[in-house]
Amino acid sequence: MQQAKFSLTPDLINFLSNYEFYGFKDKSAMVRAALLRFQEEIELESLTQSADLYAELYAEDSDLFELTEAGSDEWPE
(Lines give C-alpha, C1' and ligand atoms only; values in the text may rest on other atoms or scores of the structure.)
Protein backbone atom coordinates (compact mmCIF):
# COMPACT_ATOMS: atom_id res chain seq x y z
CA MET A 1 0.00 0.00 0.00
CA GLN A 2 1.29 3.44 -0.84
CA GLN A 3 1.83 6.08 1.79
CA ALA A 4 0.87 9.76 1.71
CA LYS A 5 1.97 12.66 3.85
CA PHE A 6 -0.51 15.34 4.87
CA SER A 7 -1.14 17.82 7.66
CA LEU A 8 -4.07 17.88 10.07
CA THR A 9 -5.37 20.38 12.57
CA PRO A 10 -4.91 19.58 16.27
CA ASP A 11 -8.62 18.79 16.60
CA LEU A 12 -8.41 16.23 13.80
CA ILE A 13 -5.27 14.72 15.34
CA ASN A 14 -7.16 14.30 18.63
CA PHE A 15 -10.11 12.76 16.83
CA LEU A 16 -7.85 10.38 14.92
CA SER A 17 -6.07 9.32 18.10
CA ASN A 18 -9.38 7.78 19.26
CA TYR A 19 -9.41 5.32 16.36
CA GLU A 20 -9.91 2.31 18.67
CA PHE A 21 -13.01 3.88 20.21
CA TYR A 22 -14.56 3.97 16.72
CA GLY A 23 -13.64 0.35 15.99
CA PHE A 24 -10.59 0.79 13.78
CA LYS A 25 -7.40 -1.22 14.13
CA ASP A 26 -5.17 1.80 13.48
CA LYS A 27 -5.20 5.42 12.34
CA SER A 28 -4.61 4.47 8.71
CA ALA A 29 -7.71 2.26 8.66
CA MET A 30 -9.76 5.13 10.04
CA VAL A 31 -8.45 7.57 7.43
CA ARG A 32 -9.03 5.06 4.61
CA ALA A 33 -12.62 4.48 5.75
CA ALA A 34 -13.26 8.22 5.95
CA LEU A 35 -11.83 8.83 2.49
CA LEU A 36 -13.79 5.94 0.95
CA ARG A 37 -16.99 7.25 2.51
CA PHE A 38 -16.26 10.75 1.22
CA GLN A 39 -15.52 9.37 -2.26
CA GLU A 40 -18.86 7.52 -2.31
CA GLU A 41 -20.65 10.68 -1.17
CA ILE A 42 -19.07 12.75 -3.95
CA GLU A 43 -19.87 10.11 -6.58
CA LEU A 44 -23.48 9.93 -5.39
CA GLU A 45 -23.76 13.72 -5.49
CA SER A 46 -22.39 13.75 -9.04
CA LEU A 47 -24.83 11.04 -10.09
CA THR A 48 -27.73 12.96 -8.53
CA GLN A 49 -26.74 16.16 -10.32
CA SER A 50 -26.53 14.26 -13.59
CA ALA A 51 -29.98 12.73 -13.07
CA ASP A 52 -31.40 16.17 -12.21
CA LEU A 53 -29.91 17.61 -15.40
CA TYR A 54 -31.37 14.81 -17.52
CA ALA A 55 -34.77 15.28 -15.86
CA GLU A 56 -34.63 19.02 -16.56
CA LEU A 57 -33.71 18.45 -20.20
CA TYR A 58 -36.44 15.83 -20.54
CA ALA A 59 -39.04 18.18 -19.05
CA GLU A 60 -38.08 20.94 -21.49
CA ASP A 61 -37.98 18.78 -24.63
CA SER A 62 -41.53 17.93 -25.76
CA ASP A 63 -40.25 15.88 -28.72
CA LEU A 64 -38.23 13.65 -26.40
CA PHE A 65 -41.23 13.28 -24.10
CA GLU A 66 -43.45 12.20 -27.00
CA LEU A 67 -40.80 9.78 -28.27
CA THR A 68 -40.48 8.22 -24.83
CA GLU A 69 -44.24 7.94 -24.42
CA ALA A 70 -44.58 6.31 -27.84
CA GLY A 71 -41.88 3.79 -26.97
CA SER A 72 -43.40 2.96 -23.61
CA ASP A 73 -46.80 2.24 -25.16
CA GLU A 74 -45.30 -0.88 -26.72
CA TRP A 75 -43.98 -2.26 -23.41
CA PRO A 76 -46.07 -4.92 -21.70
CA GLU A 77 -47.60 -3.94 -18.39
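**Legends to the views**

**View 1. Charged side chains of the chain.** The chain carries 17 negative side chains and 5 positive ones. Between the centres of these two sets lies a distance of 32 Å. Please keep in mind that this is a predicted model.

**View 2. The chain as a whole.** Welcome to the overall outline: along the principal axes, the C-alpha atoms fill a box of roughly 60 × 25 × 25 Å. The radius of gyration of the chain is 23 Å, whereas a compact globule of 77 residues would have one near 11 Å.

View 3. In numbers, the chain has three helices and zero strands.

View 4. Of the 77 residues in the chain, 5% are buried.

**View 5. A nonpolar patch on the surface.** Here F6, L8, L12, I13, F15, F21 and Y22 come together as a nonpolar patch on the surface. Together, these residues have about 720 Å² of accessible area.

**View 6. A closer look at L12.** Where in the chain is L12 found? Its place is helix α1, which covers residues 10-16. L12 counts as partly exposed because its relative accessibility is 44%, and partly exposed is the class between buried, under 20%, and exposed, over 50%. L12 is also one of the residues that form the nonpolar patch of the previous view.

Definitions and conventions. Residues are numbered from 1 along each chain as its sequence is written. This is a predicted model: local features need pLDDT of at least 70, side-chain atom pairs count only at pLDDT 80 or more; totals for chains, interfaces and linings use all residues. Side-chain values use heavy atoms; hydrogens and water are left out. Patches are made of residues with over 30% relative accessible area and no salt bridge: like charges are joined within 9 Å, nonpolar side chains (Val, Leu, Ile, Met, Phe, Trp, Tyr) within 5 Å. Accessible areas come from the Shrake-Rupley method with a 1.4 Å probe; for residues, only the protein chains shown count as cover. A salt bridge is a side-chain nitrogen of Lys or Arg within 4 Å of a carboxyl oxygen of Asp or Glu. Helices (H or I, at least four residues) and strands (E, at least two) are DSSP runs, numbered from the N terminus. Buried means under 20% relative accessible area, exposed over 50%, partly exposed in between (1.4 Å probe, protein chains only). The radius of gyration is taken over C-alpha atoms; the globule rule is 2.2 Å times the number of residues to the power 0.38. Lys and Arg count as positive and Asp and Glu as negative; His and the chain ends are not counted. The place of a charge is taken as NZ of Lys, CZ of Arg, CG of Asp or CD of Glu.
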